[in-house]
Amino acid sequence: MLDLAGRPPACCRLAGTLARGGAGRRLRTLCLAAATFGARAADGPALPADAVPMLRLQAGGVLIYECRGRPAGHGWTVLAPEAVLFNEQGATVGTLHAGPTFQWADGSLVRVASGPGVLQPGAVLPVRQVSATGRLASVTAIVTLQSSGGAAPGLPCDATHAGRQARVDFSALYAVHGRP
């Protein structure tokens with residue numbers, strides 16, 4: 001990940017300066033790898049420049065799929081997630097539902113761009129809408145760190161099954177970033 005001037009993050013430049021030679025290069029490489037992982041998917045958007053980590057959320061629930069017609073036949077389409085959000089201590093703090101929308105127990109919410117990123121490790125989920133007040137009011141991006149399950153059902157999906165819905169278990173870990 002490079003800063004707006006096309007340079008490595010300051011921490012990585014400092015690492016290379018502090019440890020010259022091979023050790024400095026290895027330290028700088030590790031720093032760059034750590035800065036890049038979780039900052040963007042291979043071809044996805046980057047975190048906003050002013051984003052700072054706020055919290056981590058674990059989601060557990062289902063993805064709702066529907067069998068739909070497409071130009072090249074039929075296929076499973078994700079309608080919405082239905083999941084409970086837990087904080088790092090394991091307490092229930094909110095829900096993840098259609099939108100996709102992360103909603104805190106205080107009613108504040110963050111709606112992110114839809115797409116496969118909700119389950120794609122390393123994907124930055126750009127914020128489309130955020131509450132004016134509440135715990136999530138300063139959120140600028142959410143990063144998918146890990147996910148399990150949630151793949152399209154292995155059930156038949158053709159013209160005779162059009163409109164059929166299926167619920168598939170999934171879990172995911174998210175890093176929530178916001179304004180300082």
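Reader: Leaving aside its neighbours within four places in sequence, which residues is Thr101 in contact with?

Author: Contact means heavy atoms within 4.5 Å. By that rule, Thr101 is in contact with Thr95, Leu96, Leu109, Val110 and Arg111 once neighbours within four places in sequence are set aside. A word on the source: this is a predicted model, where local features need pLDDT of at least 70, side-chain atom pairs count only at pLDDT 80 or more, and totals for chains, interfaces and linings use all residues. Residues are numbered from 1 along each chain as its sequence is written, and side-chain values use heavy atoms, with hydrogens and water left out.

Reader: Is Thr101 buried or exposed?

Author: Buried means under 20% relative accessible area, exposed over 50%, and partly exposed in between, with a 1.4 Å probe and protein chains only. Thr101 has a relative accessible area of 0%, so it is buried.

Reader: With which side chain does the side chain of Thr101 make a polar contact?

Author: A polar contact is a pair of N or O atoms within 3.5 Å; within protein, one must be able to donate a hydrogen and the other to accept it, and residues adjacent in sequence count only if both atoms are side-chain atoms. Here the partner is the side chain of Arg111, at 3.0 Å.

Reader: In which strand is Thr101 found?

Author: Helices (H or I, at least four residues) and strands (E, at least two) are DSSP runs, numbered from the N terminus. Thr101 belongs to strand β4. The protein has 2 helices and 8 strands. Their order along the sequence is α-α-β-β-β-β-β-β-β-β.

Reader: In what sense do β4 and β5 pair?

Author: Two strands pair if DSSP finds at least two bridges between them. Strand β4 (residues 101-104) and strand β5 (residues 109-112) are antiparallel, with 3 bridges.

Reader: Which peptide bond is cis?

Author: Most residues other than glycine have a negative phi, and most peptide bonds are trans. The bond between Gly99 and Pro100 is cis, with omega about -10 degrees. Pro100 sits in the loop between β3 and β4.

Reader: How many residues has the largest nonpolar core?

Author: A nonpolar core is a set of buried Ala, Val, Leu, Ile, Met, Phe, Trp, Tyr and Cys residues joined through side-chain atoms within 4.5 Å. The largest has 28 residues; Leu57, Leu96, Phe102, Ile142, Phe170 and Tyr174 have the most contacts inside it. A second, separate core of 7 residues includes Leu47, Val124, Ala141 and Val143. Contacts of Leu96 beyond four places in sequence include Ala59, Pro81, Phe102, Phe170 and Tyr174.

Reader: Which residues does a disulfide join?

Author: A disulfide is a pair of cysteine sulfur atoms within 2.5 Å. A search of the whole structure finds 1. Cys67 and Cys157 are joined, S to S 2.2 Å. Cys67 lies in strand β1 and Cys157 in the loop between β7 and β8, 90 residues apart. The torsion about their S-S bond is about 100 degrees, so the disulfide is right-handed. Cys67 is buried at 1% relative accessible area. Cys157, at 17%, also counts as buried.
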